[in-house]
Amino acid sequence: MQRRSRGINVGLLMLLSQVFHVGINNIPPVTLATLALNVWLFLNPLKPLYYSCISVEKCYQQKDWQRLLLSPLHHADDWHLYFNMVSMLWKGIKLERRLGSRWFAYVITTFSLLTGVVYLLLQFTMAELMNQPEFRRNCAVGFSGVLFALKVLSNHYCPGGFVNIMGFPVPNRFACWAELVAIHLCTPGTSFAGHLAGILVGLMYTRGPLKKIMETSTGLFSFNVGYPGQQHYFNSAGPSGYQNHYPDDGPRVYEETHRNYDIYTGGLSEEEQLERALRACLSYRGNARNSPAPYGFRLTPEEEMRRQRLHRFDGQ
């Protein structure tokens with residue numbers, strides 16, 4: 001395990017500020033554990049980025065399959081970590097309370113592995129169809145492929161309404177596709193295939209057989225969430241609530257999911273929070289352009305050249 005060099009990680013400090021502003025006791029356990037694991041591996045990475053990223057060349061041709069586990073949990077820098085984990089905080093609180101902690105942990109684990117597999121298939125297909133071997137070597141790290149999959153779930157459970165993307169109102173059910181395009185227009189160097197893989201995995205769960213396969217493979221058709229005073233069973237959700245299916249054929253009632261997150265978002269939507277964070281990031285980087293980077297690995301010149309080839313799963 002290699003520790004990151006000392007320095008001021010502004011993105012990490014902002015993330016910790018968000019977490020403490022929400023309150024650790026208000027964050028569901030799996031969401032909190034996911035945040036903690038990603039922060040820990042950012043500060044104490046198991047391997048350097050070049051040996052953690054995922055590509056067809058490294059995974060398939062060189063049989064280095066451990067990268068499927070490592071790549072979602074490693075980030076290129078503190079801002080990469082910040083954007084991804086703030087998005088995870090927002091999505092995790094909503095989805096974990098809806099699905100239950102055990103099922104949500106299962107979803108996170110499955111999505112993390114499948115997103116990597118689908119990414120490899122997309123890159124391999126592009127390399128073959130376009131006769132461009134470079135697609136086999138494109139190496140990606142980060143958690144936002146998983147976040148795009150979670151975004152699909154969130155929009156599936158709450159399909160109504162609109163979101164503001166680059167000043168244009170977009171129906172919630174199309175938000176993932178609009179954000180996919182917007183991110184890659186505004187942020188060159190991000191992994192289009194990585195984000196697209198996340199959307200496809202999310203659709204496999206909401207519209208394909210993945211959810212049923214997961215249920216069958218575990219034998220868990222219903223289970224408790226684990227929050228005091230509440231029991232939620234695996235359900236088919238509607239846009240305004242979810243139906244509890246009681247195992248004793250008892251009464252079925254619709255319960256509204258608590259969605260008031262103004263206590264820690266200041267009333268801003270997720271897109272507005274991302275826009276504000278992007279502005280802060282650009283301002284900070286503009287001021288620090290002539291200064292040495294205060295974060296990350298101290299790379300040799302050869303490793304720095306390799307690092308430039310990385311396509312990051314930048315935070316959605």
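Start at Tyr-60, which is partly exposed, with a relative accessible area of 44%; here buried means under 20%, exposed over 50% and partly exposed in between (1.4 Å probe, protein chains only). Its ring centre sits 6.4 Å from that of Phe-124, with the planes at 65 degrees, so the pair is edge-to-face. For that label, rings of Phe, Tyr and Trp (its six-membered ring) pair if their centres lie within 6.5 Å, and planes under 30 degrees apart count as stacked, over 60 as edge-to-face and the rest as tilted. Tyr-60 belongs to helix 3 (residues 56-61) and Phe-124 to helix 6 (residues 101-130), so the pair links parts 64 residues apart in sequence. Helices here are DSSP runs (H or I, at least four residues), and strands (E) need at least two, both numbered from the N terminus. Phe-124 is partly exposed too, at 33%.

A word on the source: this is a predicted model, where local features need pLDDT of at least 70, side-chain atom pairs count only at pLDDT 80 or more, and totals for chains, interfaces and linings use all residues. Residues are numbered from 1 along each chain as its sequence is written, and side-chain values use heavy atoms, leaving out hydrogens and water.

Now for helix 5. Of its 22 residues, 20 are buried, and a kink of about 30 degrees is centred on Gly-92; the bend is the angle between axes fitted to the seven residues ending at a residue and the seven starting there.
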